[in-house]
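Trainee: I have not looked at this structure before. Can we go through it by question and answer?

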Amino acid sequence: MKKVLLYAWLLTLATSSTAGYSTGYRVTAVKGKGILRNAFLKGQTAVHAGVGFFSLQYPSHDDYLVYGKVSSEYQMPINVRVDYGVTDQISAGIFVNKFGASTSIRDRTNDYNVNGWNYKSWTFGVNGAYHAYMGKSMLWFDPYVQGMVGMHALGSTPFGDANYLDPQKGGFAFDIQVGANIYFFQPLGFYVEAGYGVNIVNTGLTLRF
């Protein structure tokens with residue numbers, strides 16, 4: 001009889017421990033994004049804000065070289081991207097890039113005749129990305145490849161007394177980047193990416209929630 005009671009007590013204890021462990025696991029799962037299970041999660045929103053280098057959206061010199069000596073001054077591009085986790089590996093979002101530039105053409109026939117434009121550029125697009133899962137030991141590391149399509153709006157203000165040239169125009173925009181988010185802790189990190197389209201390199205801070 002004592003052995004039966006002992007076995008019954010042990011069975012009850014084991015059942016209670018298992019139930020407690022399962023409940024704890026379910027609580028962790030319900031908390032979701034608050035307790036990191038993956039470097040990128042379905043339902044997660046990530047905001048990227050930073051700067052660009054080696055922009056491919058700046059006005060080109062080549063179109064004006066026939067008229068004289070061309071010089072330009074550029075502002076550093078700034079950009080913002082917002083991504084939403086459609087699945088644990090696929091995200092979709094929007095991208096905005098802004099910069100300014102000034103292009104001057106010194107006339108070949110008259111060295112004092114300088115004309116040109118001050119440009120303001122905005123690039124708007126929609127993007128999608130694939131995030132590679134690197135394992136539970138790499139939850140701080142979120143590598144991805146992404147693509148963007150959109151439009152490049154280029155506004156211009158002329159200057160000079162004899163500015164008879166046409167300014168450059170905006171148009172279709174695209175971007176392909178390979179990069180990674182690297183997190184200091186769960187909500188905050190930084191990103192670095194390189195590719196072709198808008199800027200060759202982008203980097204800045206990432207905030208996810």
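Trainee: Leaving aside its neighbours within four places in sequence, which residues is Ser121 in contact with?
Mentor: Bear in mind that this is a predicted model. Ser121 sits in strand β5, which covers residues 114-131. With neighbours within four places in sequence left out, the contacts of Ser121 are Asn97, Lys98, Phe99, His152, Ala153 and Leu154.

Trainee: Is Ser121 buried or exposed?
Mentor: Buried means under 20% relative accessible area. Ser121 has a relative accessibility of 1%, so the residue counts as buried.

Trainee: What share of the residues of the protein chain counts as buried?
Mentor: The protein chain has 209 residues. Its accessible surface is about 12300 Å², with 67% of that belonging to carbon and sulfur atoms. The share of residues that count as buried is 36%.

Trainee: Which residues line the largest cavity?
Mentor: The count is one cavity of 30 Å³ or more, and the largest cavity holds about 60 Å³ of space. Its lining divides into five nonpolar, three polar and one charged residue. The lining residues are Tyr67, Ile105, Asp107, Asn113, Asn115, Ala162, Asn163, Tyr164 and Leu165.

Conventions. Residues numbered from 1 in each chain as written. Predicted model: local features only at pLDDT ≥ 70, side-chain atom pairs only at ≥ 80, totals over all residues. Heavy atoms only, no water. Buried < 20%, exposed > 50% of the residue type's maximum accessible area, 1.4 Å probe, protein only. Areas by Shrake-Rupley, 256 points an atom, 1.4 Å probe, with all protein chains shown as cover. 1 Å grid on protein atoms, 1.4 Å probe; cavity = no way out; pocket = protein on both sides within 12 Å on 5 of 7 lines; lining within 4 Å. Points joined across faces, edges and corners; volume = space filled by probe spheres on them. Nonpolar A, V, L, I, M, F, W, Y, C, P; charged D, E, K, R; others polar. Helix = DSSP H or I, 4+ residues; strand = E, 2+ residues; numbered from the N terminus. Contact = heavy atoms within 4.5 Å.
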